[in-house]
Amino acid sequence: MARRLTCPYCYENFAPREIRFRCNSRLSRTGKQCPRRRDQVLDERRGPRPSHDLGPDFAADGRRPTAVCSGCDGETTYRICPVCHSELPVQFGRVDNRLIAMVGAKASGKTVYMTVLLHEMRNRVGEAFGAALMGLDDATMRRYSSDYEDRLYRDNQMFPGTQTASTNLNRVDPLVFRFSLGRRTFLGERPQHTVLSFFDTAGEDFSSRESVELNTRYLTGADGIILLLDPLQMSDARAGALPGTPLPGTEGLDAPVNVLSRVTGLLLAPRGGRSAQKIDTPIAVVFSKMDAFWHQLDAGSPLRDYAPRGGRFDVSDSLSVHEEVRRLLKDWDGVQIDQLLDNHYSRYRYFGVSALGRNPTPEARVADTGIQPYRVADPLLWLLAEFGSVPKAGRG
């Protein structure tokens with residue numbers, strides 16, 4: 001079967017040759033102006049249009065890096081998705097394209113976690129691994145800086161709840177980045193590029209038929225899943241939380257096992273007769289707000305220590321954390337979660353993180369001590385190690 005590609009913006013898949021091109025809308029070598037561009041300029045005067053629809057597009061062999069516009073004879077390098085018409089990243093289809101779906105229950109801290117994760121990948125983790133993370137389009141760079149990083153790190157403000165994906169008027173496109181890491185080959189050291197697409201979907205998106213159908217495409221098209229669960233939404237866990245920890249209300253919240261069950265159902269639905277086989281999409285099951293439980297951990301617990309430093313993903317450390325979280329699940333009456341994962345997934349790993357390191361203030365602001373992230377990069381580094389995008393240390 002011919003190789004299929006998945007758009008990092010709409011998660012639809014298509015053959016490489018189906019990629020379309022967009023005219024660069026400049027005068028060509030012959031001095032002609034694209035007539036479709038003139039028509040579009042007139043059309044744009046009637047009202048605003050989505051940014052990804054702004055250029056005249058045409059069909060050509062999408063396997064090639066360039067094409068000539070038949071309207072103006074100008075050459076263009078702008079390749080676009082044949083479905084949503086978003087401009088595709090440079091070298092799309094020729095470098096690893098990894099789509100990461102980030103899912104979690106309501107009030108589990110997904111947006112804070114994603115913001116701190118990307119900040120750490122661009123700074124501390126990037127320095128340790130000799131890697132770079134950059135936004136691949138103007139919208140990603142602008143939105144991440146102004147709507148996420150500046151709000152949390154500069155203004156010290158928390159985020160409101162994530163809009164449900166079923167509210168199409170408020171639909172937010174994925175954040176798309178390029179992760180670059182130098183790798184040694186027999187030809188010398190060469191950069192290895194991986195396109196990462198992060199889609200932050202609300203847990204309540206899995207409670208209605210309309211939103212389920214919309215999100216099935218995102219989950220089934222993902223190469224890896226980060227599932228964020230809040231132990232404070234588990235009754236036995238919240239009873240042992242550090243005194244003074246703000247506890248989420250119970251009204252409108254969904255049990256973590258129910259969120260995992262819905263995600264599993266969406267992944268199994270398109271499989272048809274293959275439903276007896278385990279899901280092979282790697283899933284990182286991340287328990288947030290672990291700073292509320294440090295007082296319960298033994299001094300030698302791997303969750304009381306930071307991940308080993310260095311430019312490799314430490315497999316033995318990750319497995320130690322995995323087993324420690326599994327032990328905690330028994331104390332939190334979360335055995336159902338472990339059984340569900342063991343029976344339906346061939347690759348899963350537990351993680352315990354704290355994005356802030358301390359509770360926010362009652363005014364929904366970052367604590368005066370600042371942001372002190374703990375192990376937030378571990379889940380993504382595990383997925384990247386599974387993809388072969390970062391080197392491993394040890395076996396497992």
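These legends accompany several close-up views of a predicted model.

Residues are numbered from 1 along each chain as its sequence is written, and side-chain values use heavy atoms, with hydrogens and water left out. Because the model is predicted, local features need pLDDT of at least 70 and side-chain atom pairs count only at pLDDT 80 or more, while totals for chains, interfaces and linings use all residues.

**View 1. The whole protein, as a starting point.** Welcome to the overview, which holds ten helices and 16 strands. Helices (H or I, at least four residues) and strands (E, at least two) are DSSP runs, numbered from the N terminus. Of the 396 residues in the protein, 48% are buried; buried means under 20% relative accessible area, exposed over 50%, and partly exposed in between, with a 1.4 Å probe and protein chains only. Contact means heavy atoms within 4.5 Å. Among contacts between residues at least 6 apart in sequence, 74% join residues at least 24 apart.

View 2. Cys10 is in no disulfide, and the nearest cysteine sulfur, that of Cys84, lies 3.8 Å away. Cys10 counts as buried because its relative accessibility is 8%. Cys69, at 0% relative accessibility, is buried too.

**View 3. Thr6 and its surroundings.** Look for Thr6 in strand 1 (residues 5-6). With 19% relative accessibility, Thr6 counts as buried. Leaving aside neighbours within four places in sequence, Thr6 is in contact with Tyr11, Glu12, Asn13, Phe92, Asn97, Leu99 and Gly221.

View 4. The strands run in the order 4-3-7, and their pairing is antiparallel. Strand 4 (57-59) and strand 7 (78-80) are the edge strands, each pairing on one side only. Neighbouring strands of this sheet are turned by 40° against each other on average, direction ignored; axes are lines fitted to C-alpha atoms, for helices over the stretch in contact, and angles run from 0 to 180 degrees between N-to-C directions. Two strands pair if DSSP finds at least two bridges between them. Strand 3 (residues 20-22) joins strand 4 in the antiparallel sense over three bridges, and Arg22 has Asp57 in strand 4 as its bridge partner.

**View 5. Val195 in strand 11.** Here Val195 is found in strand 11 (residues 188-201), and at 1% relative accessibility Val195 counts as buried. Not counting residues up to four places away in sequence, Val195 touches Pro89, Val95, Asp96, Asn97, Arg98, Leu136, Val176 and Phe177.

View 6. Rings of Phe, Tyr and Trp (its six-membered ring) pair if their centres lie within 6.5 Å; planes under 30 degrees apart count as stacked, over 60 as edge-to-face and the rest as tilted. By this rule there are 14 aromatic pairs. In one of them, the rings of Tyr11 and Tyr218 have centres 4.8 Å apart and planes at 40°, so the pair is tilted. Tyr11 lies in the loop between strand 1 and strand 2 (13-14) and Tyr218 in helix 5 (residues 209-221), so the pair ties together parts 207 residues apart in sequence. Both tyrosines, Tyr11 and Tyr218, are buried. One aromatic cluster is formed by Tyr144, Tyr148, Phe159, Phe177 and Phe198. Finally, the charged end of Arg98 sits over the ring of Phe387, 4.4 Å from its centre; a charge sits over a ring if NZ of Lys or CZ of Arg is within 6 Å of the ring centre and within 35 degrees of the ring normal.

Note on methods
A disulfide is a pair of cysteine sulfur atoms within 2.5 Å.
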